[in-house]
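Look at the structure first, then read on.

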Amino acid sequence: HALYAFFRVPDEIVDNPATVGVTDAKTALEAWKARWKQAYETKESDNDVLLAAADTFHRFKIPFEYSDAFLDAMIQDTWKDRYATYEELQTYMYGSAAVVGLMMCHVIGFERGALPYAEKLGYAMQLTNFLRDIREDWEERGRVYLPQDELARFGVTHEQLVSGQVKAELESFMKFQIARADRLYDEANRGIHSLSPRGRFAVRAASDLYREILRKIESQRYNVFAKRASTSSWEKAAISIRSRLRV
């Protein structure tokens, strides 16, 4: 719960600044980062989220550099809205998603060798998010979390992307990205056995539930503009049962 709050507050500042009473997201995030460093070093803070996060980081020996990477990614969202290559996007995803899994590993408990798999699951889930939320990311935040060189390789223009036209070029691009995400899920799932038994089901269920979003995108014929790809409550229950049988 402490980690969730630690992730959620900066995320709200960057994505919904007006909602949390912020006029300059970059300045607010930089101030939050400074307050976090002080809370971590002193184990004291007048902010409950920072106080709980500091306790969690120290109790579970979570490396401080993970928090730096996460907050730097949030700050990057305030000024960067395009990514030239997948490698550049992956650098952002390390801070915005991979370190989330790395932090959680320390809370759950893990054996040697588990951390690279946690990174891959972070990349898989974040890439899934990016594919599902193309329209929302552009219309609400002016961002395109897709490699520009790969869009060009498949012949997807910026106009086609932001206007919601699902043509053959975009379908081919989406198939390529979905295949990449599926490979990441496959690789990540191989490391679940390296987690403490008490956390394996939750991680497997999260992996399977998020991966199902890819299948929903496919069933919508890659039209992520018409409606948000999501699973029903019954589908979530069925997937969770299957996940339980896999751990």
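Buried means under 20% relative accessible area, exposed means over 50%, and partly exposed lies in between. The model is predicted. Threonine 78 sits in the loop between α4 and α5. Its relative accessibility is 28%, so threonine 78 counts as partly exposed.

What does threonine 78 touch, not counting residues up to four places away in sequence? The list is Val14, Ala25, Lys26 and Leu29. Phenylalanine 64 is 14 residues from threonine 78 in sequence. In space, the two are 22 Å apart, C-alpha to C-alpha.

## Helix α11

Helix α11 covers residues 197–219 and has 23 residues. From first C-alpha to last, α11 reaches 34 Å. That is close to the 33 Å expected at 1.5 Å a residue. Just after α11, arginine 221 takes a positive phi of about 55°.

Several residues of α11 are buried, including Gly199, Val203, Ala205, Ile213, Leu214 and Ile217. The buried residues of α11 pack against α5, α6, α10 and α12 (233–245).

Serine 207 belongs to α11. Is serine 207 buried or exposed? Its relative accessible area is 0%, which is under 20%, so serine 207 is buried. Leaving aside neighbours within four places in sequence, serine 207 is in contact with Leu121, Tyr185 and Asn189.

## The nonpolar core

In soluble globular proteins, nonpolar side chains tend to be buried together. Here, the largest nonpolar core has 71 residues. Those with the most contacts inside this core are Trp36, Met103, Met174 and Ile217. The largest share, 11 residues, comes from α5.

Methionine 103 shows some of this packing in detail. Leaving aside neighbours within four places in sequence, methionine 103 is in contact with Leu3, Phe7, Phe57, Ile62, Tyr66, Ser67 and Phe70.

## The largest pocket

Rolling a probe the size of a water molecule over the atoms shows where empty space is left. The largest pocket holds about 1600 Å³ of space. Its lining counts 49 residues. Which of them lie nearest the centre of the pocket? They are Phe7, Ser96, Val100, Asn129 and Tyr210.

Helices α1 (2–15), α4 (64–76), α5 (86–108), α6 (115–132), α7 (134–141) and α11 each supply at least two residues of this lining. By class, the lining has 28 nonpolar, 9 polar and 12 charged residues. Phe7, named here near the centre, is also a contact of methionine 103.

## The cavity

How many cavities of 30 Å³ or more does a search of the whole structure find? The search finds 1. The largest cavity has a volume of about 50 Å³.

Its lining is made of Arg132, Asp133, Ile134, Arg135, Glu136, Val224, Lys227 and Arg228. Helix α7 gives the most to this lining, with 3 residues. By class, the lining of the largest cavity divides into 2 nonpolar, no polar and 6 charged residues.

Technical notes
Residues numbered from 1 in each chain as written. Predicted model: local features only at pLDDT ≥ 70, side-chain atom pairs only at ≥ 80, totals over all residues. Heavy atoms only, no water. 1 Å grid on protein atoms, 1.4 Å probe; cavity = no way out; pocket = protein on both sides within 12 Å on 5 of 7 lines; lining within 4 Å. Points joined across faces, edges and corners; volume = space filled by probe spheres on them. Helix = DSSP H or I, 4+ residues; strand = E, 2+ residues; numbered from the N terminus. Nonpolar A, V, L, I, M, F, W, Y, C, P; charged D, E, K, R; others polar. Core = buried A, V, L, I, M, F, W, Y, C linked by side-chain atoms within 4.5 Å. Buried < 20%, exposed > 50% of the residue type's maximum accessible area, 1.4 Å probe, protein only. Contact = heavy atoms within 4.5 Å. Expected span 1.5 Å × (residues − 1).
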